[in-house]
Amino acid sequence: MQNNFKYFYIVSKSKKSKDLFIKFNDLIKSNNNWILDENNYEYLFIFGGDGTFLKTVNNYLFDKSKKIICINGGSFGFYSFFSENNIKNIFNEILDNDKYINPLILEIKVNNKKYYAINEIVISSNSAIECDIFLDKNKYQNFKGTGLLLSTPLGSTARTKSLNGSIIFPSINAYQMIEIEPISQKHYFTLRSPIILSENTKTLINLNNFKNNYYLIIDGQEMNYSKKESISISCIRSNIKIFYSYDLKSYLDKIRNKFIYN
């Protein structure tokens with residue numbers, strides 16, 4: 001007796017995503033083992049780029065019952081291992097449980113609320129922010145500048161890279177913190193380089209004197225705060241299962257294709 005697999009899908013508005021979904025739909029309809037079920041599905045197929053993926057995946061970070069597969073229908077696809085070039089092989093690949101990961105994510109605590117980021121968190125303001133930074137309750141440095149960014153290994157190829165952060169391979173259990181436009185003054189002369197932190201290190205950011213509101217931008221979603229507060233950031237393991245068939249060669253190929261072009 002053959003197993004049946006229940007699935008659902010999300011398709012971005014791009015033409016590329018819609019065209020890919022048509023190909024996918026033809027393939028899955030020819031396979032009697034796959035059943036469309038909007039309410040009780042195990043496999044979620046996301047057609048789009050990394051932006052579509054991030055907007056969707058936050059709802060599933062602690063759902064053990066779902067497996068997420070991203071098909072690249074956008075301009076950038078670090079979370080995608082399927083495209084128009086290999087979509088015909090998708091059903092041979094995604095049944096292998098060893099090709100799914102439970103990625104590291106950032107847990108952000110502020111104002112008695114918790115937020116989660118699979119890519120990164122940015123702390124910024126319309127004016128310079130001033131803060132004291134502690135690592136596992138040990139004083140690290142005073143900071144004054146445009147903002148701070150903390151990112152996961154999966155997020156290290158996104159905004160982190162544009163700020164000259166380090167690319168952290170997905171197999172490394174760590175996260176990083178980057179200073180954004182630091183200001184050099186007598187009391188705020190900072191390290192001025194990215195710092196790589198163990199997944200077990202907790203970061204505490206105590207915001208000091210500032211005149212304007214500050215913003216938390218979590219995976220592209222912006223939240224506005226107006227009080228001096230402490231922001232606690234930890235690295236935790238999510239429950240979500242993401243298809244991410246990592247090996248060194250394929251990862252380097254992706255980096256070359258996206259950033260080096262040779």
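## A network of charges

K249, D253 and R256 are joined in a network of salt bridges; a salt bridge here is a side-chain nitrogen of Lys or Arg within 4 Å of a carboxyl oxygen of Asp or Glu. Searching the whole structure turns up 9 salt bridges.

The structure is a predicted model, in which local features need pLDDT of at least 70 and side-chain atom pairs count only at pLDDT 80 or more, while totals for chains, interfaces and linings use all residues. Residues are numbered from 1 along each chain as its sequence is written, and side-chain values use heavy atoms, with hydrogens and water left out.

## Pairs to look for

Let us start with K67 and E42, which form a salt bridge with their closest N and O atoms 3.4 Å apart. This pair links distant parts of the chain, 25 residues apart: K67 belongs to strand β4 (residues 67-72), and E42 to the loop between β2 (34-36) and β3 (43-48). Helices (H or I, at least four residues) and strands (E, at least two) are DSSP runs, numbered from the N terminus. K67 has 8% relative accessibility and so counts as buried, whereas E42, at 28%, is partly exposed. Buried means under 20% relative accessible area, exposed over 50%, and partly exposed in between, with a 1.4 Å probe and protein chains only.

Next come K144 and E130, whose side chains meet in a salt bridge at 3.9 Å, N to O. Another salt bridge brings together the side chains of K109 and E107 (3.9 Å, N to O). Here K109 is partly exposed, at a relative accessible area of 37%, while E107 counts as buried at 12%.

Now find D219, in the loop between β13 (214-218) and β14 (221-225). D219 is buried yet has no salt bridge, and R159, the nearest side chain of opposite charge, is 10 Å away. For charge, Lys and Arg count as positive and Asp and Glu as negative; His and the chain ends are not counted.

What does the side chain of D219 reach? That side chain comes to 2.9 Å from the backbone nitrogen of N119. Setting aside neighbours within four places in sequence, D219 is in contact (heavy atoms within 4.5 Å) with L54, N58, Y116, A117, I118, N119 and E120.

Notes
A polar contact is a pair of N or O atoms within 3.5 Å; within protein, one must be able to donate a hydrogen and the other to accept it, and residues adjacent in sequence count only if both atoms are side-chain atoms.
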